[in-house]
Amino acid sequence: MKALQELVRPNIWELEPYSSARDEYKGAKASVFLDANESPFNSPVNRYPDPLQWEVKEMIAPVKGVKPEQIFLGNGSDEAIDLVYRCFCNPGKDNVVAISPTYGMYKVCADINDIEYRKVLLDADFQFKAEEMLAKADANTKVMFLCSPNNPTGNRLNKNEVVKLLNGFEGIVVLDEAYIDFSSEPSFSCVLEKFPNIIILQTFSKAWGCAAIRLGMALTSPDIIQIFNKVKYPYNVNILTQNQAKEILKLRFDVDRWVRMILEERTRLIAAFKQLPICETVYPTDANFFLAKVSDANSIYKYLVDKGIIVRNRSKIQLCNNCLRVTIGTKAENTALLAALRQYK
């Protein structure tokens, strides 16, 4: 990896971050707060939240097997994705390389930040080669984006190729693990110390059942966390989200049970889906969804909408022609989907 100062935008490296009232106060527990121009009424939401969410991070750390200072929390994983561009990529000059197809926000954030986005097409098994990613890079390539398990394909990427990329690229490698809780392989978070150039994205939206609270995680080196903290908005995670996160973190065993139930339903639903006349292929998955090639994705999608059942039509995505992406729901929801599709003509 290049020295961090070589990768960070010069203006960001020199940035003097905004210092909030809650940043400046460090010391004994206080009971009278007259520093932040808050209202003294309507407790507890009248007070600004902890800008660095330390209580939540202290609870997350043992679950993820990392240190609190290796955790960044943001408004969904999308905030961390955007921060990668804002911290490392000079608009109109630098570029990033990403696999394709993959999660669409990587490119959206590139376009917003005026960064060239270079795609490397996956092979027929939805896998990538590190050498192809590296061949696409040049002196202005700051970041590589991977997603494993990948969205919309559902499969996990070959870990040996991921390691090759981490070893072969001198810039930042973002590994999005939003669906890692459903995978048979462990997270790359166990090798954070070995690869200082990796940023691992995870989320409370999937396995933790908290999509509505919009809380994403970036697990990376403390040095990169400090850069993120310089650029993020002062109170980027509100107190309601922080409190809900602390509550769900107390229910870790319930979350484990939910994951087991989803995996059991995934096996059942895929087996039944393969028997449908409309089904041509169900691709391997390590996520809480699967991608299926069907006879006529557009027609089937519209038919299901009329039945009040919503799946995702991915036909316009590279390598996904005539493909539907199906999230694993409850047993009743999955049964309703199958019943509707058995009546499709």
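The residues that line the largest cavity of this predicted model divide into seven nonpolar, two polar and four charged. That cavity holds about 90 Å³ of space.

**Cavity**

- One cavity of 30 Å³ or more is counted in the model.
- The largest cavity is lined by 13 residues, and those closest to its centre are Ser-148, Leu-157, Glu-177, Glu-185 and Phe-188.

**Largest pocket**

- The volume of the largest pocket is about 730 Å³.
- Its lining is made up of 21 residues, and Arg-22, Tyr-25, Phe-33, Pro-49 and Asp-50 lie nearest the centre of the pocket.
- Helices α3, α4 and α10 (239-249) are the elements that give two or more residues to this lining.
- The largest share of the lining of the largest pocket comes from α10, which gives four residues.
- Sorted by class, the lining of the largest pocket has ten nonpolar, eight charged and three polar residues.

**Second largest pocket**

- The second largest pocket contains about 390 Å³ of space.
- It is lined by 18 residues, of which Val-63, Lys-64, Ile-180, Asp-181 and Asp-256 are the closest to its centre.
- At least two residues of this lining are supplied by each of α4 and α11 (252-274).
- Five residues come from α11, the largest share of the lining of the second largest pocket.
- The classes in the lining of the second largest pocket are nine nonpolar, five charged and four polar residues.

**Strand β4 and its partners**

- Strand β4 covers residues 141-147, and seven of its seven residues are buried, so the strand is largely enclosed by the rest of the structure.
- β2 and β4 run parallel and are joined by four bridges.
- Within this pairing, Val-97 has Met-144 in β4 as its bridge partner.
- β4 also pairs with strand β5 (residues 172-176), in the parallel sense and over five bridges.
- Cys-147 has Asp-176 in β5 as its bridge partner.

**Aromatic rings**

- The model has ten aromatic pairs by the rule used here.
- Phe-72 and Phe-228 form an edge-to-face pair, because their ring centres are 5.4 Å apart and their planes stand at 75°, and planes over 60 degrees apart count as edge-to-face.
- This pair links distant parts of the chain, with Phe-72 in strand β1 (residues 71-75) and Phe-228 in helix α9 (residues 222-231), 156 residues apart.
- Buried means a relative accessible area under 20%, so Phe-72 is buried at 2% and Phe-228 is buried at 0%.
- Phe-204 and Trp-208 form a tilted aromatic pair, with 5.5 Å from centre to centre and 45° between the planes.
- Phe-204 and Trp-208 are both buried.
- One aromatic cluster is formed by Tyr-85, Tyr-103, Tyr-106 and Phe-145.

**Charges over rings**

- Arg-86 lies over the face of Tyr-233, at 5.6 Å from the ring centre.
- Arg-325 is placed over the face of Phe-289, with 5.5 Å to the ring centre.

**Cis peptide bonds**

- The peptide bond from Ser-43 to Pro-44 is cis, and its omega is near 5°.
- Pro-44 belongs to the loop between α3 (21-24) and α4 (54-64).
- A cis peptide bond also runs from Ser-100 to Pro-101, with omega near 5°.
- Pro-101 is in the loop between β2 (95-100) and α6 (105-112).

- Asp-114 is not a glycine, yet it has a positive phi of about 60°.
- The loop between α6 and β3 (116-121) holds Asp-114.
- The relative accessible area of Asp-114 is 48%; buried means under 20% and exposed over 50%, with partly exposed in between, so Asp-114 is partly exposed.
- Asn-322, another residue other than glycine, has a positive phi near 60°.
- Asn-322 lies in the loop between β10 (312-313) and β11 (323-327).

How values were computed:
Residues numbered from 1 in each chain as written. Predicted model: local features only at pLDDT ≥ 70, side-chain atom pairs only at ≥ 80, totals over all residues. Heavy atoms only, no water. Phe/Tyr/Trp six-rings, centres within 6.5 Å; stacked < 30°, edge-to-face > 60°. Buried < 20%, exposed > 50% of the residue type's maximum accessible area, 1.4 Å probe, protein only. Lys NZ or Arg CZ within 6 Å of the ring centre and 35° of its normal. 1 Å grid on protein atoms, 1.4 Å probe; cavity = no way out; pocket = protein on both sides within 12 Å on 5 of 7 lines; lining within 4 Å. Points joined across faces, edges and corners; volume = space filled by probe spheres on them. Nonpolar A, V, L, I, M, F, W, Y, C, P; charged D, E, K, R; others polar. Pairing = 2+ DSSP bridges.
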